[in-house]
Protein chains: 2
Amino acid sequence: MGLYVHKYGGTSVGTVERIAKVADKIKRCREEGHDLVVVVSAMSGETNRLIGLSQELNDRPSERELDVLLSTGEQVTIALLAIALQKIGVNARSYTGSQVRILTDNAYSKARILSIDDAAIRADLARGNVVIVAGFQGVDEQGNITTLGRGGSDTTGVALAAALDADECHIYTDVDGVYTTDPRVVDSARRLTSITFEEMLEMASLGSKVLQIRAVEFAGKYNVPLRVLSSFEEGPGTLITTDGPVEKKIRKDGESMEQPVVSGIAFNRDEAKLTLTGVPDIPGVAARILTPISEANVEVDMIVQNVGDDQKTDFTFTVHRNDYEKALGILEGLKGSLEAKAVRGNKKIAKVSIVGVGMRSHAGVASKMFEALYKEGINIQMISTSEIKVSVVVDEKYLELAVRALHSAFELSEAP
Amino acid sequence: MGLYVHKYGGTSVGTVERIAKVADKIKRCREEGHDLVVVVSAMSGETNRLIGLSQELNDRPSERELDVLLSTGEQVTIALLAIALQKIGVNARSYTGSQVRILTDNAYSKARILSIDDAAIRADLARGNVVIVAGFQGVDEQGNITTLGRGGSDTTGVALAAALDADECHIYTDVDGVYTTDPRVVDSARRLTSITFEEMLEMASLGSKVLQIRAVEFAGKYNVPLRVLSSFEEGPGTLITTDGPVEKKIRKDGESMEQPVVSGIAFNRDEAKLTLTGVPDIPGVAARILTPISEANVEVDMIVQNVGDDQKTDFTFTVHRNDYEKALGILEGLKGSLEAKAVRGNKKIAKVSIVGVGMRSHAGVASKMFEALYKEGINIQMISTSEIKVSVVVDEKYLELAVRALHSAFELSEAP
């Protein structure tokens with residue numbers, strides 16, 4: 001007997017047949033005696049259809065009106081799911097973001113949740129209802145409809161779980177959990193039983209797109225246990241929690257085990273690399289380079305500065321590939337004023353990262369990574385490290401090889 | 001410089017191209033210096049699409065959830081229209097029924113408007129915005145979404161015009177006004193410049209389906225001048241008002257004219273006739289027949305009771321054709337207890353009516369009608385009269401002939 005928040009994404013509710021299946025799943029969960037709050041996205045394709053209509057009328061629609069438009073997608077789903085549940089004898093009641101008063105700021109299209117009024121939900125749960133809430137949307141102080149941005153339904157789910165102090169927040173999606181790496185690249189990739197919030201953030205931001213980063217951050221902040229599961233298959237999924245995988249394991253088995261150092265291999269093909277060579281190695285240079293870049297709304301990911309020998313240095317950073325030409329133009333403009341030698345760029349790169357809370361306390365993890373890549377003859381172009389990850393940039397053509405080599409070197413196919 | 005409420009139906013906003021045309025029309029009206037509140041329906045087909053989705057899941061969906069579902073249709077249109085207006089430089093702001101607080105009772109799917117909070121609308125108008133309001137929907141005291149039933153957008157428009165004390169409420173539709181009769185039946189049918197609320201009620205309820213009856217009643221009650229116009233063509237349409245057509249004419253021309261007795265010919269093929277013959281002519285018989293009929297939710301239209309000679313009478317009434325078999329079954333059940341002679345029925349009938357406020361004070365209108373029908377050899381099966389109409393039931397096959405004969409007899413093709 002627990003209180004769970006379920007979140008079903010657009011693919012899971014993409015047709016009336018799938019909505020009926022979700023209703024069955026909810027019914028089974030109710031029959032186990034649990035209280036349920038269900039958050040749903042718009043039926044897959046619906047948000048794009050609505051955006052398409054607005055684009056036909058105006059290529060720069062007002063964000064306020066776009067939010068009014070897009071919020072109808074989830075409203076359709078909540079009603080249909082309630083109707084499907086009532087058909088199979090499950091009492092259910094739907095709420096829009098505005099009705100359940102998911103109060104947000106008024107940053108249309110990317111609003112942030114300020115508070116949730118849980119009184120109506122608790123009253124409904126007490127009456128034996130399944131409560132269905134439209135994801136992705138809220139309302140500001142003035143009663144304007146707001147949306148949380150793409151994927152914001154995950155955030156709605158986590159925020160509701162936090163507000164209601166739910167036992168777990170289940171995110172149902174089209175994959176059955178978080179894997180050690182992309183199974184399309186490594187056959188033997190293994191589903192993780194659990195992963196920490198920090199690891200999940202690195203895995204997600206590095207390209208394993210299972211969950212909204214923002215939802216994971218939110219869950220970490222409010223300590224909401226998150227579980228990623230498949231809508232289509234049975235299975236325990238992956239639990240994302242403050243407990244690391246090992247710590248849990250120790251407690252369960254009552255015996256100590258060697259700590260797995262690396263949890264997974266993430267990768268990303270979306271970046272491009274830019275270098276300004278021969279810039280003076282004096283204070284303020286990094287700022288003089290990056291300020292115009294950020295003012296052009298180009299986000300920078302990795303940054304590496306090599307110390308040269310003749311008071312000159314090479315400054316390298318990566319940006320999203322879509323911003324490559326824009327960034328290149330800015331550097332060309334800076335070259336003269338910075339007395340730099342040359343601007344170089346490369347779009348054919350890939351970033352590969354090993355992720356794991358275990359590596360904090362373990363020496364030798366990075367060198368094991370570099371050795372594995374060296375053995376395959378893969379040259380490392382850039383390196384960046386944090387407490388729970390080591391990322392390298394390599395030639396794009398070596399991406400799959402690098403991921404497989406690292407997956408094997410850290411023995412990720414074997415259960416810890 | 002006036003304040004107008006415009007209402008555009010589903011056909012008028014059925015595609016993005018048509019929404020863009022509506023935006024152009026609104027822009028022209030703004031350029032004339034008028035303040036505008038615009039009520040829109042769901043894009044044509046959308047409400048049926050949503051009902052179809054819900055029917056696939058549950059053939060008896062909860063009315064609360066159905067209202068949550070259907071209200072998204074108008075919400076999509078308000079946002080798209082605002083977006084279209086902003087594209088052509090017209091400031092606009094959209095509101096759902098809930099946001100503008102169209103307070104209703106909680107009779108889901110057929111809610112009645114209790115009040116409208118006009119503060120936000122007036123503030124927006126003062127700021128130079130066109131205010132766009134979702135038709136057909138409201139919100140109850142508890143914050144539940146309600147709908148006003150099919151065609152309820154007309155009612156929203158009239159209610160807003162009443163609340164704001166607007167100069168006129170314009171109902172844009174796919175016809176360019178109210179005609180003396182259906183132009184598909186009589187080539188020379190003429191568009192009326194104006195018509196009274198009472199006449200419009202008779203014309204609408206009798207089959208000239210231009211406007212929701214409820215909206216006309218509402219407009220009459222609050223004395224809101226209503227104008228029916230085409231969304232697709234220019235033209236003055238037909239004004240529905242407390243002033244009769246003639247009174248206006250007199251004032252305009254400054255000279256007296258003969259009062260046109262009949263404004264239009266309405267007709268209806270949807271009814272069926274039932275007769276219980278040889279029932280005792282004693283008090284209470286009508287109630288004993290009609291109570292079980294109304295308890296079966298069958299609506300009765302015309303009722304005629306002939307006085308017989310031997311303390312027996314024939315009792316005849318009409319119902320919607322869909323209810324014919326049901327009503328017939330009830331009469332068969334009553335036959336024994338009422339000691340009636342027989343039950344007779346006929347589905348192949350049509351009702352034809354002449355409508356006009358002028359006839360109140362004019363004798364001879366009914367006899368002129370009967371004579372015109374007699375000249376064409378059309379037998380009258382039932383007659384029913386009110387202050388502003390005379391209706392007859394005739395064999396269905398004579399419907400067009402009867403309408404043309406009456407249109408010609410009352411010289412309706414000629415402007416008054």
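Angles under 35 degrees count as roughly parallel, over 145 as roughly antiparallel, 65 to 115 as roughly perpendicular and the rest as oblique. The legends below apply these terms to a predicted model.

**View 1. Helix 1 of chain B against helix 3 of chain B.** The axes of helix 1 of chain B and helix 3 (residues 63-87) of chain B cross at roughly 60° and come within 9 Å. Helix 1 of chain B and helix 3 of chain B are therefore oblique to each other. Helix 1 of chain B passes helix 3 of chain B in a crossing that is right-handed. From helix 1 of chain B, the residues in contact are B:Ile19, B:Val22, B:Ala23 and B:Ile26, and from helix 3 of chain B they are B:Leu80, B:Leu81, B:Ala84 and B:Leu85. By class, this contact of helix 1 of chain B with helix 3 of chain B has eight nonpolar, no polar and no charged residues.

**View 2. Helix 2 of chain A against helix 3 of chain A.** Helix 2 (residues 46-57) of chain A packs on helix 3 (residues 63-87) of chain A at an angle of about 150°, and their axes are 9 Å apart. That angle makes helix 2 of chain A roughly antiparallel to helix 3 of chain A. The crossing of helix 2 of chain A with helix 3 of chain A is right-handed. Helix 2 of chain A contributes A:Glu46, A:Thr47, A:Leu50, A:Ile51 and A:Ser54 to the contact, while helix 3 of chain A contributes A:Leu66, A:Leu69, A:Leu70, A:Thr72 and A:Gly73. The residues of the contact between helix 2 of chain A and helix 3 of chain A divide into five nonpolar, four polar and one charged.

**View 3. Helix 2 of chain A against helix 1 of chain B.** Here the two helices belong to separate chains: helix 2 of chain A and helix 1 (residues 16-31) of chain B pack at an angle of about 45°, with axes 9 Å apart. Helix 2 of chain A and helix 1 of chain B are therefore oblique to each other. Helix 2 of chain A and helix 1 of chain B form a right-handed crossing. A:Leu53, A:Glu56 and A:Leu57 of helix 2 of chain A meet B:Val16, B:Glu17, B:Ile19 and B:Ala20 of helix 1 of chain B. The contact of helix 2 of chain A with helix 1 of chain B consists, by class, of five nonpolar, no polar and two charged residues.

**View 4. The interface of chain A and chain B.** In this interface, 41 residues of chain A are in contact with 41 residues of chain B. The two chains bury about 3300 Å² between them, with 60% of that area on carbon and sulfur atoms. On the side of chain A, A:Leu57, A:Glu65 and A:Ile83 lose the most area to chain B, together 21% of what that side buries. Three salt bridges are counted between chain A and chain B. A salt bridge also joins the side chains of B:Arg49 and A:Glu46 (4.0 Å, N to O).

**View 5. A salt bridge within chain A.** Side chains of opposite charge can pair when their charged atoms come close. Over all chains, the count comes to 38 salt bridges. A:Glu234 forms a salt bridge with A:Lys25, and their closest N and O atoms are 3.8 Å apart. This pair links distant parts of the chain, 209 residues apart: A:Glu234 lies in the loop between strand 11 (226-230) and strand 12 (238-241) of chain A, and A:Lys25 lies in helix 1 (residues 16-31) of chain A.

Key:
Residues are numbered from 1 along each chain as its sequence is written. Chains are lettered from A and ligands numbered from 1 in the order in which they are written. This is a predicted model: local features need pLDDT of at least 70, side-chain atom pairs count only at pLDDT 80 or more; totals for chains, interfaces and linings use all residues. Side-chain values use heavy atoms; hydrogens and water are left out. Axes are lines fitted to C-alpha atoms, for helices over the stretch in contact, and angles run from 0 to 180 degrees between N-to-C directions. Helices (H or I, at least four residues) and strands (E, at least two) are DSSP runs, numbered from the N terminus. A crossing is left-handed if the near helix is turned anticlockwise from the far one by less than a right angle, and right-handed if clockwise. Contact means heavy atoms within 4.5 Å. Ala, Val, Leu, Ile, Met, Phe, Trp, Tyr, Cys and Pro count as nonpolar, Asp, Glu, Lys and Arg as charged, and the others, Gly among them, as polar. Buried area is the accessible area (1.4 Å probe) that two parts lose on being put together, summed over both.
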